[in-house]
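Good morning, and thank you for making time for this item. Please have the sequence and the coordinates open while I speak.

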Amino acid sequence: MTDERKQPAGETGLFLYGIMPSDVEPTPDAEGVGSPPGEVTAIRQGDLAVLVSEVGLEEPIGRPADLTAYQRLLDATAAVAPVLPVRFGTVVTGEDAVDDLLDAHHDRFAAALAELEDRVQYTVHGRFAEAEFISGLLAQNPPAAALADQVRGRSEVECREERIRLGEMIAQAVELRREAENRDLVDAVGRYAVANAARPPSHELDAVNVAFLVTTDDEDEFIQAVEDFAERRRDLVRMRLLGPLAPYDFVSAHQLVD
Amino acid sequence: MTVATTTGSQSGSALERSGSGGGGLADVVETVLDKGVVIDAQVSVAVVGIQLLEINARIVIASVETYLRFAETVDRLSITPKGTKGLPDMVGDAAGAATKGKAVSGLSKAAQEISGAVVDSLGDRDADRERPRRRRDEER
């Protein structure tokens, strides 16, 4: 961040967390971003409200605790009411700006919230067990196995080129398998979700990474289907289910950038 | 790193469950960054620290370091029975140990360094503290 954009000392802004129906209210001990944590309040206008807390404009926001506070607040809100997350780090000058925002986009926000009623996000994230994946690949892929025999027991100095080639073959195999696993996951559990969104891999050994929007009535069946999927890959993929979460991956249609 | 909010799964389940923020900082960053409604630029103001965070979240995928690390894993697999594997294996392992951990992407490394602090700050929170409640009685 460049110095000329710093604000004078003592100025504050409103950090925006999410947009929700106006009949939701934060509990008095809800903690926002900042140190000490800001008090979270709702600014209401008609049937819409925005969760906000005051932040000092010179205070760095973006520490681990800030991100965690943001997520916890939104996930807890999503558990009781529909909520549209506002991108982390959005700070406006004051209540007037919040009013303008709700004025300008009321119908879109209201429609989006109606769609999200009784729906939460789950993210399924799996990672290949490295040794198991590579063993399986070498057993099925003679060229890779031959290369493995060449490098095994020789130092990187002696066979750097071969090592890079072998590693590249493994990386390509991971990528192919990842595409197949993501397709299989959506085939296996997608029917219990109203929408799904592929997420980019976050690690070179990622096996699956997909967000699902699930109706609360279907949660148990969805979770059971994910468990079954995980069970079938028990030794190959370390599978995790994150959620219930606010619908972070299902608000892209409501972006308001000019 | 695992945190105490893991819920629900029976022991022995192949599926690991994590509630809100329970999976550690890397999960939080991955879940929330670059997501959410983006509002009109003219009503927002600049805040210190956000841009830095977004840069740190860029993910490194495949690279020569990755390839070499995969090859090191091959060294550690003892699946081919041929030949005697005493000394050469040990040399391979030593080479692996020397480079291990070097090729971590910026994000994971940073996450490992600071995640301890996050866990500490989460540990003494009541899980329900930040939960808003909905006024069903006044609804619609």
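Predicted model: local features only at pLDDT ≥ 70, side-chain atom pairs only at ≥ 80, totals over all residues.

Leaving aside residues up to four places away in sequence, A:Gln150 touches A:Cys159 and A:Glu162. A:Glu221, by contrast, stands 71 residues from A:Gln150 along the chain, and the C-alpha atoms of these two residues are separated by 48 Å.

I turn now to chain A as a whole. Chain A contains six helices and 10 strands. Its radius of gyration is 23 Å, well over the 18 Å given by the globule rule for 258 residues, so chain A is more spread out than a compact globule. Taken along the principal axes, the box filled by the C-alpha atoms of chain A is roughly 70 × 50 × 35 Å. Of the 258 residues in chain A, 48% are buried. Considering contacts in chain A with a separation of 6 or more, 73% of them are between residues 24 or more positions apart.

The next topic is the domains. The domain assignment of chain A gives domain 1, residues 3-117, and domain 2, which is made of 120-136 and 173-253. The C-alpha centres of domain 1 and domain 2 of chain A lie 29 Å apart. Where the two meet, 11 residues of domain 1 of chain A are in contact with seven residues of domain 2 of chain A.

Which elements supply at least two residues each to the side of domain 1 of chain A that touches domain 2 of chain A? They are α1 (64-78), β5 (84-85) and α2 (95-116) of chain A. The largest share of this side of domain 1, four residues, comes from α1(A).

I close with the backbone. As a reminder, most residues other than glycine have a negative phi, and most peptide bonds are trans.

Two cis peptide bonds deserve a look. One joins A:Ser35 and A:Pro36, with omega about 0°; A:Pro36 is placed in the loop between β2 (24-25) and β3 (41-45) of chain A. Another joins A:Gly243 and A:Pro244, with omega about 5°; A:Pro244 is placed in strand β10, residues 237-245 of chain A.

A:Asp118, in the loop between α2 and β7 (119-128) of chain A, has a phi near 60°, a positive value in a residue other than glycine. Is A:Asp118 buried or exposed? A:Asp118 is exposed, because 11 other C-beta atoms lie within 10 Å.

Thank you for your attention.

Methods: Residues numbered from 1 in each chain as written. Chains lettered and ligands numbered in written order. Domains from an automatic or database assignment. Rg over C-alpha atoms; globule rule 2.2 N^0.38 Å. Buried ≥ 20, exposed ≤ 12 C-beta atoms within 10 Å, placed from the backbone.
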